[in-house]
Amino acid sequence: MTSQNTLDELRAGSVLRPGDTDYDEARTGFQAAYRHRPALIVRADGLADVRAAVRHAAARGLPVAVQSSGHGLAVAAEGGVLIDTRRMSEVRVDAGQRTAWVSAGTPWGRVIDEAARFGLAPLSGSSPGVGAVGYTLGGGLGVLAREYGYAADHVRAVELLTADGSVRRLTAAADPDLFWAVRGAGANFGVATGLEIELVPVARLYGGGLYFDTDQVPAVLAAYREWTASVPEELTSSVALIPYPDLPMLPEPLRGRYVAHVRIAYTGSVEAGERLVAPLRAIGPRLMDTLGELPYTESGSIYNDPAQPHGFYGTNAMLRELAEPVAGLTLDLVGPDAPVPCVVQLNHLGGALARPPATPNAVGHRDAAYLLRVLAVVDGPGPSPAHAAPTRLTEALAPWTLGRSPNFVLGEESTPDQVRSCFDADDYRRLARLKAAHDPANLFRLNQNIPPATASD
């Protein structure tokens, strides 16, 4: 196909409209509570299809959204164009350079498996089913984050299709301003059809989880706060508070319980790992203890994120410190006895996450010490007690909050102030100026949408 392709030249079945047989399947992702309702879906096989979709949208002033796995759903305007990239799942590993080329719709699981053939690993997230490109360009807080930093810090090149239909290969030397912007501000500037990412020499981990029952949750949070003050950078961890439903597909010890789940990923030896986690095991009996050596290909088992699509709404707070009141506020507002118990995840940051990367990018709030994520199960959009609960907690944590992470804002479109909170103030102003230069019509819209700067900005 040439650069002049129109939608009429795409293969039969690649363009879907409401009422077409595969329309609902194509617009549905992992997030079950929210769905795109586009006027047009383009199921892209490659760059030419993406270009045709963007040119079609630009000619008609229609907003564009992109979806691969649909975990972090971008909220598309009614009647826009949705580009489904799931067919674009190529991975090419260059073992000598320790890099991989990853196409737009590739899930992390494919990248992990390909890299493992060479004793390497990507800076992937907790779930192998999440799309690698969107995750990375939103920052990317992964399993090895404290040792290696954000996934966005390790991007060598981005292939980006911009609003004018042109294809740019962004690097530190070519289009450095856009290269800075897309690594942190994601799809605000175009459709990333592929990334060249660095891989790290990790083939195995000491990792897994410690699961504690409801009565031990306050002790777990207190111990975790003290323990994270001294652990080495090679150890990345989080603690999740999870109200497990009583369902037969769950492990029997967890069914129907409110559980504190401590997650561990350590690249050192098993013996050193055992010594490091001893203070956590000393908290008391565990419902389950899955810690041990495992290949990086099984890193998804550390978090054991749900594999089945479901409805959820969530937000987050990047905390300058884990102040003593945080645990009590969390349990009071969204804990086991709250009107709406929520899933809460507290990630230990610092280490390489706190250091500026060799090539600067737009990832913000590097001085945050912890990230608190809060998520409620919802049936669909619109006001409800479940929708209100996560925000109630983050508002209570405002005295210790630096801002938010764009990777973990999951649900309705954000307000302008919420979008600003995802970036450092000077970076946001720079991003808005770049948006005005490269997408003045605001063609690319997502729930963390940065509007183009005006002359008065």
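How far is the sulfur of Cys-342 from the closest cysteine sulfur, and in which residue does that sulfur lie? In this predicted model, where local features need pLDDT of at least 70, side-chain atom pairs count only at pLDDT 80 or more, and totals for chains, interfaces and linings use all residues, the closest cysteine sulfur to that of Cys-342 belongs to Cys-422 and is 19 Å away, too far for a bond. Residues are numbered from 1 along each chain as its sequence is written, and side-chain values use heavy atoms, with hydrogens and water left out. A disulfide is taken as a pair of cysteine sulfur atoms within 2.5 Å, and by this rule the count is zero. Both cysteines are buried, Cys-342 with a relative accessible area of 1% and Cys-422 with one of 2%, where buried means under 20% relative accessible area, exposed over 50%, and partly exposed in between (1.4 Å probe, protein chains only).

Helices (H or I, at least four residues) and strands (E, at least two) are DSSP runs, numbered from the N terminus. Strand β17 (residues 370-377) has six of its eight residues buried, so it is largely enclosed by the rest of the structure. Two strands are said to pair if DSSP finds at least two bridges between them. Strand β15 (residues 312-319) pairs with β17 in the antiparallel sense over eight bridges, and Gly-314 has Leu-375 of β17 as its bridge partner. Strand β16 (residues 343-348) also pairs with β17 in the antiparallel sense, over six bridges, with Asn-347 bridged to Leu-371 of β17.

A nonpolar core is a set of buried Ala, Val, Leu, Ile, Met, Phe, Trp, Tyr and Cys residues joined through side-chain atoms within 4.5 Å. The largest such core has 52 residues, and those with the most contacts inside it are Leu-144, Val-158, Phe-189, Ile-197, Leu-205 and Leu-431. Among the elements that give two or more residues to this core are β6 (99-103), α3 (108-116), β7 (155-161), β9 (191-198) and α13 (425-438), while the largest share, six residues, comes from α6. Apart from this core lies another, of 45 residues, among them Tyr-224, Tyr-266, Tyr-313 and Leu-346.

Within helix α3, the residues Trp-108, Gly-109, Val-111, Ile-112 and Ala-115 are buried. Seen down the axis of α3, its buried residues fall within an arc of 165° (the arc being that of the directions from the helix axis to the C-beta atoms), so they line one face of the helix. These buried residues pack against β5 (91-94), β6, α4 and β9, contact being defined as heavy atoms within 4.5 Å.

A salt bridge is a side-chain nitrogen of Lys or Arg within 4 Å of a carboxyl oxygen of Asp or Glu, and by this rule the count comes to 21. In one of them, Asp-177 and Arg-430 meet with N and O 3.0 Å apart, and this pair links distant parts of the chain, Asp-177 being in helix α6 and Arg-430 in helix α13, 253 residues apart. Asp-177 is partly exposed at 40% relative accessible area, as is Arg-430 at 28%. Another salt bridge joins Arg-204 to Glu-293 at 2.7 Å from N to O; here Arg-204 counts as partly exposed at 24%, whereas Glu-293, at 52%, counts as exposed.
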